[in-house]
Amino acid sequence: MKTIIKAAALVLAPVTAIALTAVPAAAQTKSGIAVVDLEEAVAKSAAFTTAITQMQTTYKPQIDALNTRRTAIEADLKTKGDALQAALKAAGNKPTPAIETQYQQYQQSQQAAQAELQRMGQPIGLARAYVEQQIVDKLDDALKAATAKTKSEIVFKKGATESFGAGADITPAVITELNTLVPSVGITPPAGWQPGGQQGQPAAAAPAAAPATPAQAPKSR
């Protein structure tokens, strides 16, 4: 089961706090069979939503710089992509050595842009991973407590279940337990911290999504 939510969203987009929903008291499941979404539980926990709000302030310069640079890169790649399409169209959609060179340069620009956004987003992504790790460390305990309190004997992943009654979802109960076990978390990773709680070399940021390529890419014949 994946326990760490990916930080890619923070690498490419501004941090957006997830609204904290009201969590009802745990209720007993009727059949003893339950479903749960652990990633949802982490994302809707009080500690996570508060930390994300704090990150919007603490990491605002990095977030703003990342978004500004991303916008500039997208505009530059669009201009280059449009020029490539125009050249291909002018050549009757028949790739020439010049067009292939132009296409290779376009690909290089994409790769350079992805690497640059990765570097810029690394502090933000690492901070979010640190927030999540602190909550995930208590996730097993929260699940066990929620399972016991709802008298659930078998628990399935919600995403892998075709259908279920509202009373079978113990995700709210897990959120309640998380809020008790880990009411708050830090947003600044210790020096050398990596996802998984290990110390050592700084972890790489989550990969940035590659910008869209032109609709038609020239191919060698």
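The protein has seven helices and two strands, where helices (H or I, at least four residues) and strands (E, at least two) are DSSP runs numbered from the N terminus. Along the sequence, these elements follow the pattern α-β-α-α-α-α-α-β-α. This is a predicted model, in which local features need pLDDT of at least 70, side-chain atom pairs count only at pLDDT 80 or more, and totals for chains, interfaces and linings use all residues. Residues are numbered from 1 along each chain as its sequence is written, and side-chain values use heavy atoms, with hydrogens and water left out.

Of the 221 residues in the protein, 37% are buried; buried means under 20% relative accessible area, exposed over 50%, and partly exposed in between (1.4 Å probe, protein chains only). The protein exposes about 12,300 Å², and carbon and sulfur atoms supply 55% of that area. Accessible areas come from the Shrake-Rupley method with a 1.4 Å probe, and for residues only the protein chains shown count as cover.

Contact means heavy atoms within 4.5 Å. Among contacts between residues at least 6 apart in sequence, 88% join residues at least 24 apart. A separate C-alpha distance concerns threonine 58 and isoleucine 124, which are 66 residues apart along the chain and separated by 9.9 Å. Threonine 58 belongs to helix H3 (residues 46-58) and is partly exposed, with a relative accessible area of 42%.

Strand E2 (residues 154-157) contains isoleucine 154. Isoleucine 154 is partly exposed, with a relative accessible area of 41%.
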